[in-house]
Structure formats: C-alpha cells, structure tokens
Amino acid sequence: MLSSNLSRDASGVLCFAGQRTDDLAAQYGTPLYLMDEDRIRSNCRMYRKALRESFEGQALPLYASKASCFTQMLRIMAEEGMGLDVVSRGEICTAKRAGFPMERVCFHGDGKTTEDIRTALQEHVGCFIVDGIDELLALQKEADALGVHQKVLLRITPGIDPHTYEAVSTGKVDVKFGVPIETGQAFEFVRLALAQSALDVAGLHCHVGSMVFDEMVFEDTSDVMLDFIALLQKELGFITQVLDLGGGYGVRYLESDKTMDIAVRIRALSEHIRRKAECVQVPMPYILMEPGRSIVADAGLTVYTVSAVKHIPGFKSYAITDGGMTDNPRYCLYGAKYTVLPVVASDEEATAVFDLAGRCCESGDILQPAVLLPAGLRRGDLVAMCTTGAYHYSMASNYNRLGRPPVVMLREGKSALAVRRETPDDLCALDI
Ligand code: LLP
C-alpha cells in the first residue's frame, strides 16, 4: 500500500495505524480526519537525528505549523524537541496553550500587523523572520517601545525555481515573500537591519517552495545563500550565524510518486554546504529547516461516507461524499492528486471510475476525479483518502456553513479526539 501505516485486515477492512477505519468512522462519525501519532513522532525523530548527525549538532528542524496546527499537535512537537514556525497570533496562541517553549518559536509571515508584532514580542518568541523593510522598521519601533532586544533572521529571496506548482513556489525573484538578492535589495536590507538598535540579526532565511523533489533545489539554494553570506562578510563584516533553509521536501500522494529518503538528502546537503562554506571562506552557520508536509502528511487519512451515487450514462459517475472542498480544498486549488480507497471492499474490487465529489453547492467541488471504486458502490459506503495530514485540517473552511470534521489521534491501538467536530451552534457562536 501507499504507506506502511495502511493495511487491510483478514476481512478486507482498511486499517490505519493498525486500527479498523470502519470502527473509527462508527465511533466518531464522518467526515473524519485520522492522525497516526506514532508516524508524526517518527517523522520528527528522523528529521532531528538526520540534522543532528549531518551538522554535528549544529542544526534544528522547526515544524511548520501551517501544515496542521492544534494544541495536541504542538504538544507532540514540543515533546519531540522540535522548534516551531508560526505565522499568526492564532498559531502563537496555540503554541502557548500547548506549553511550547517560546524560545524555540520563529515568527514568520509577509504581512505581520502591528498587533501581531506586539503580541509576538510580549510572548517572547525566540526569533522573528523579518520579511522586508516595512516590517523591519515597524519591529524596531515596537521592540524599542517595549524596551526589548529581539533576535531576527532576514528573509531573503534566492531566485531559485523549485520546479513545483506555482501557488507554492516561493523562491523566485518576483514572489511576494522576502527581499531578492538579484536586485541588490537584499544587501541594503541587511545593511539597514544591522543599524537597528533593538534588533539582533542572527542570520538569514529562505524558503523556495513546497513539494520539492528535485535533487538540486536545496543545494542550489544553499550555494546562492552562501555566496551572499560571503558578500556580507566581505562588505559589511557581518558573520551569518544562522541559516534557515525553509521547508519543502515532497511526499507521496500516489503509488507512482517518487520515494525520497529525506535523511539521505539531508546528509548530502550537509556535505554540499560544508564544501561550499569552505570554498567561499565563511564559518559554517547553524542550520534550521522548516518541514511541514513531510512531518504530518503521511500521518493523515480522511474517511468519508458516500451520500449518493450518480451514473450519467455515456458521461461519468459521481460518488458524492459527506465532505468536500471544505475539508480538503487542495484539488480545487492545485489540482492535487490523491489515492482513494474503499474502506470495506478489497482493492481488487475497485474497478469502476468515479469522480469523488463533495457536498458543497458548486460543480467544482471535486475531491478527486477519476478514482477507482467498487462498481456496486452505494449510499452509506465508506471511502478513505490517503496522505491527508498536511494542509487539510489547517486549510478547512466553513463554506455552506459546514462544520469542520474532528481530528482523532491514533496511538498504540487507542484513539482519542484531539479536535472535536464543529457543530452548527459553533458556527453561529460568533454571530451578534
Ligand atoms: N517554511 C515556510 C516559510 C513556508 O512558507 C512553508 C510552506 C514551509 C516552511 C513548510 O513547507 P512544507 O515542508 O510543508 O512544504 N497549502 C499548500 C502548501 C503551502 C505551503 C506554504 N508554505 C498545499 O496544500 O500544498
């Protein structure tokens, strides 16, 4: 199967993290987000070990909480010794509730408001990733007013094409994030940052994109960054202590997707960086990485109940579910591909082609076109969508006033709610 946490029991029922998904659906209802806690933890450990060993202890992974953020998740990240990348007061608040050590939190985002900046300063986040000059000056002003000294990294755009889809490509010169090297603006950004009395510039940040499979992308990015670091050392006498290379390693959504050994990649990357640092004669910086998807994606599975089956002879068949673009907007947004499995039938019985649709009031509400499911599929049957741990719960919406599904954590044969199902009353709770 696609991932080692998926299996079928003797009666052909789909199991996830060793537990029967039909039983979980009966207990918690559908649509249902399941998360395999052991997988989340083992992904964290893989990153921590690979970074520690490859960079001789001088590296740390920060979990990109935008991939999936709720209190229980951030507690796990704290327990696993991860750092944390947050982008809003909501994520900071969640980190606080989870008891996440604030000194390991980095505050990202290209549009931080004054209120965001103040909150993060008051909560003593470890580091700001400053996205540009407007934020730099606003942060200096607020930090000065509060009488605090804030550690910062400066977000630089290296001008690298990550060969991924446009919406998640963030390293090219003309993106909205960071400050580009190519135009000379990054150099001026660093010079200006060094002149700010309330800010301590620890180093640089870059993030070129998400779902990156290309072997060379991180190597090329580090080359550009280390050349820039060498320039800063020569021209400004500035020593870059920290280099944050962002997130982005891809995961498998389909059997045909490439398998990537991230630990092997990190090892190769560390050797590349070490050689380059020697070559341009700069001290080896402390390395940060910000994985999101590759920590949680394969730890997630979504279970739906089929509400209706429609055959349009000569055209297509629809399997309409009780979920949709509200719990997973990724096909609508990116044309994202997924593996869809029947919960109770065997995979061999899945021979009929269906468009798996949602219940929202627009024709574009498709979860996945042309999936194979049993020809006899009918109302009440369960279907599962794989690799839904990243950017599903966190991107869910309430379109059509649909409540978001619960998140259930699976661990060592037990299940427990981590986020309860949103009710119609929850949805009305903010109405005056
Ligand atoms: N660091 C920064 C600054 C980021 O912007 C991102 C993702 C990450 C780290 C984590 O990247 P990852 O390891 O998860 O690839 N909603 C899209 C993905 C957007 C990614 C945004 N930034 C999706 O569903 O595919």
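## Contacts and overall build

In the protein, 69% of the contacts (heavy atoms within 4.5 Å) between residues at least 6 apart in sequence join residues at least 24 apart. This is a predicted model: local features need pLDDT of at least 70, side-chain atom pairs count only at pLDDT 80 or more, and totals for chains, interfaces and linings use all residues. Residues are numbered from 1 along each chain as its sequence is written, and side-chain values use heavy atoms, with hydrogens and water left out.

The protein has twelve helices and 21 strands. These are DSSP runs, numbered from the N terminus: helices are H or I with at least four residues, strands E with at least two. The radius of gyration is 23 Å, close to the 22 Å that the globule rule gives for 432 residues, so the protein is as compact as a globular protein of that length. That radius is taken over C-alpha atoms, and the rule is 2.2 Å times the number of residues to the power 0.38.

## Burial

Of the 432 residues, 56% are buried. Buried means under 20% relative accessible area, with a 1.4 Å probe and protein chains only.

## Helix α6

Helix α6 covers residues 133-146. The expected span is 1.5 Å times one less than the number of residues.

In α6, E135, L136, L139, Q140, E142 and A143 are buried. Their cover includes helices α5 (114-122) and α7 (185-194). Strands β8 (127-130), β9 (150-157) and β11 (199-205) also contribute. Just after α6, G147 takes a positive phi of about 70°.

Definitions and conventions
Buried means under 20% relative accessible area, exposed over 50%, partly exposed in between (1.4 Å probe, protein chains only).
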